[in-house]
Amino acid sequence: MVDVEIKRDRVIIRYKGKKWDWILEPRYWRNTLIWTAFLILFPLVAYFVSPILLNTLISANLYAAIAIPLALMTVGTGRMNFGPNFFIGVGGYTAALLSIAYGWGPLATLPFAVIASLISALLFSPLVIVARGLYYVLLTLLLPLVFLEITFIYTDLFKGDVGLAGIQTLVNTGSVKINFLLSAFISMLLMLVYLWVVNKVLKSRYGLIMAAINDGEEVAHGIGVNINKVKILAFVFASGMIGVIGWFYAHYFGTFAGITYLPLNFMIKILLVIFIGGRAQVFGCVVGGYFIAFLEMILIVTMGPIQPVVFAIILTVLLFALPEGLFGLYRKRRYREYLPTLHVRR
Amino acid sequence: MWETLEVVLIYSFILGSIYLLISLGFSIICGVLRIFHLGYAYLFTLTVYLTWMFMKEFGFGLVPALLAMVVVQFLISYIIYKGIIMKYVAREEIILTGLLLVSTIVEQAVNYRYPIQAGVFIQTTLIEGASEFGTVVISNQLLVGAAVALLLTALFILFFLKTRIGLAIRALSQDIYSSRLIGIHVEALYTLTMFLILIPVILGTLIVAPIWAVDPTMGSLYMTTAILVAILGGLGNIRGTIIASYLIGFTHAFVSFVLGEPRFMNFSALLLVIIILMVRPQGIAKSEALW
């Protein structure tokens with residue numbers, strides 16, 4: 001029998017000896033709700049003001065949606081993955097190839113993109129056990145580069161030089177502008193769901209276990225944590241989430257080229273979303289994603305061909321000037337440092 | 001059969017030597033400073049494009065332009081060491097990302113000023129023509145490169161093994177705190193190492209510049225080779241670096257001349273590294289010592 005008890009600041013649900021709390025206290029969710037409402041209104045405003053903004057907004061949501069699971073992966077494995085874009089490639093190519101070969105739409109390709117990402121993550125998951133520190137960084141850095149090489153070697157299949165075209169689009173209403181608007185909402189929904197899920201996971205007892213692994217694997221093992229299981233789960237789960245973004249890219253643009261997502265340049269952007277946003281803090285990833293996407297767009301519009309130089313200089317300055325990231329400016333207290341340290345020696 | 005073997009062996013030696021020249025600096029910095037210099041790519045790009053800039057924009061001759069380039073490279077290395085590496089030595093993720101960004105800035109700035117259409121070319125050929133070894137014809141410039149690589153590596157080994165400064169650097173590579181305790185000036189030796197690694201990079205780039213492609217992204221390609229060699233060699237061990245360079249040289253030669261698929265060159269090297277790392281996660285040699 002489900003027992004629901006409503007108190008002044010919380011709703012308590014009890015079922016078969018288990019208890020769930022839902023806190024109603026406004027100070028816990030007021031700011032989150034305000035920002036979510038602001039984010040949801042943004043595409044509508046952009047739709048009427050400037051449709052170019054919608055494209056930037058989608059990029060921002062996707063950067064954040066890649067960085068959020070990456071933050072979970074970083075905390076859960078106690079390692080810095082320098083090649084998350086590998087799973088974008090896996091998800092994107094799976095969706096693109098299936099859509100082109102069988103004419104499947106986005107809903108049909110989604111489960112396959114997720115499964116392909118999960119399987120590839122499971123295949124490479126021993127890395128989180130055998131390699132640590134800088135070795136892990138280097139091996140993960142190599143993964144997308146190997147994949148990029150493969151796309152060029154098997155160019156008949158992957159069209160590594162020009163990219164795959166003819167993928168079914170994410171939404172097709174007949175109006176390009178409305179397509180953009182709907183895509184913006186889907187990308188935002190994806191990002192918000194990721195934010196909610198990862199935040200919940202990190203605040204649960206699994207989050208605590210991950211933090212323990214992050215602090216010291218031996219200590220965590222000593223207190224009875226199955227560290228290998230938690231690390232593999234965090235790696236595979238987060239990789240599946242990143243693979244979905246590849247699926248989104250493929251169906252959103254209708255084309256997919258590994259050369260766009262697999263090289264170091266794209267990976268640096270994602271790392272900077274994490275660092276400039278707020279050092280592997282999930283809410284910081286949203287701030288970082290929006291900041292980097294909009295900065296890039298503003299510089300493209302105002303600077304012209306010198307934009308890549310100025311963009312990189314600004315990001316370098318911010319990387320060193322903001323030790324706690326942009327989100328650190330908002331938070332009053334210094335938060336717990338979750339970024340694992342990388343040492344050359346194992 | 002014999003002809004193929006001859007080609008593979010000769011090219012393994014030549015390519016391996018050039019790769020050694022390209023990756024020696026990277027391995028040394030990895031072994032001494034215990035950081036992964038992800039900004040290494042900019043050193044190659046700056047070597048060519050600074051020389052070109054001094055020649056074209058300031059009207060310098062080749063030798064004065066080279067000297068000016070070396071001075072600027074030393075200055076930039078010093079600034080990067082003081083501004084990034086020394087300051088954030090305990091925050092590896094910041095160093096790695098920061099150095100990658102520095103490399104990106106240089107690459108993009110060079111691409112903005114001198115795009116590939118600019119036709120940048122520096123005439124640093126030391127010996128024109130080619131030599132024949134049986135059925136194999138090799139450019140003399142590549143032979144010079146191989147000789148320089150071997151000579152320079154031998155000099156570096158002698159420096160690290162036979163001199164007091166080399167001994168201090170080896171001590172430093174093993175333990176910073178103990179080194180400080182016995183009076184080693186850590187910062188001065190780190191700065192010296194940053195300068196030392198410029199020698200193989202600059203020489204290597206100047207030797208291959210007249211015969212291999214020169215473009216603003218050339219550094220990334222060389223850095224990928226250096227990363228592979230360093231990982232395979234055991235992150236900072238010179239002995240491991242030498243073996244790894246020739247192993248990768250052999251892989252490239254084998255794939256190109258036996259399998260007849262030069263496009264598989266990089267992929268095969270990556271595969272080799274991953275396979276060896278699965279068997280020996282620490283690489284060919286342990287990175288506990290510089291030699």
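User: Glad to have it in view. Is A:Leu62 buried or exposed?

Analyst: This is a predicted model, in which local features need pLDDT of at least 70, side-chain atom pairs count only at pLDDT 80 or more, and totals for chains, interfaces and linings use all residues. Residues are numbered from 1 along each chain as its sequence is written, while chains are lettered from A and ligands numbered from 1 in the order in which they are written. A residue is buried if 20 or more other C-beta atoms, placed from the backbone, lie within 10 Å of its own, exposed if 12 or fewer, and partly exposed in between. There are 23 C-beta neighbours inside 10 Å of A:Leu62, so the residue counts as buried.

User: Which residues is A:Leu62 in contact with, leaving aside its neighbours within four places in sequence?

Analyst: A:Leu62 sits in helix H2 (residues 51-77) of chain A; helices (H or I, at least four residues) and strands (E, at least two) are DSSP runs, numbered from the N terminus. A:Tyr249 is 187 residues away from A:Leu62 in sequence, with a C-alpha to C-alpha separation of 8.6 Å. Contact requires C-beta atoms, placed from the backbone, within 7 Å. With those sequence neighbours set aside, the contacts of A:Leu62 are A:Ser187, A:Ile245 and A:Phe248.

User: On to the two chains. Which helix gives the most to the side of chain A that touches chain B?

Analyst: The contact draws 36 residues from chain A and 29 residues from chain B. On the chain A side, H6 (133-153), H13 (264-278) and H15 (307-321) each supply at least two residues. That side divides into 30 nonpolar, three polar and three charged residues, where Ala, Val, Leu, Ile, Met, Phe, Trp, Tyr, Cys and Pro count as nonpolar, Asp, Glu, Lys and Arg as charged, and the others, Gly among them, as polar. With eleven residues, the helix that gives the most is H6(A).

User: At what angle do the axes of H6(A) and H12 (residues 265-279) of chain B cross?

Analyst: From H6(A), residues including A:Leu142, A:Val146 and A:Ile150 meet residues of H12(B), among them B:Phe267 and B:Leu270. The residues of this contact divide into nine nonpolar, one polar and one charged. Axes are lines fitted to C-alpha atoms, for helices over the stretch in contact, with angles from 0 to 180 degrees between N-to-C directions. The two axes come within 9 Å and cross at roughly 145°.

User: Within what arc do the buried residues of H8(B) fall?

Analyst: In H8 (residues 186-196) of chain B, the buried residues are B:Leu189, B:Tyr190, B:Thr193, B:Met194 and B:Leu196. They pack against H1 (2-32), H3 (62-85), H6 (164-174) and H9 (198-208) of chain B, while the face turned away carries the exposed B:Glu187 and B:Ala188. The arc is that of the directions from the helix axis to the C-beta atoms. The buried residues line one face of H8(B), because seen down the axis they fall within an arc of 160°.

User: And the strands: which residue in E2(A) is the bridge partner of A:Glu5?

Analyst: Three strands of chain A form an open antiparallel sheet in the order E1-E2-E3; two strands pair if DSSP finds at least two bridges between them. E1 (3-6) and E3 (18-23) of chain A stand at the edges with a single partner strand each, so one side of each lacks a neighbour in the sheet. E1(A) pairs with E2 (residues 10-15) of chain A over four bridges. In that strand, the partner of A:Glu5 is A:Ile12.

Definitions and conventions. Contact = placed C-beta atoms within 7 Å.
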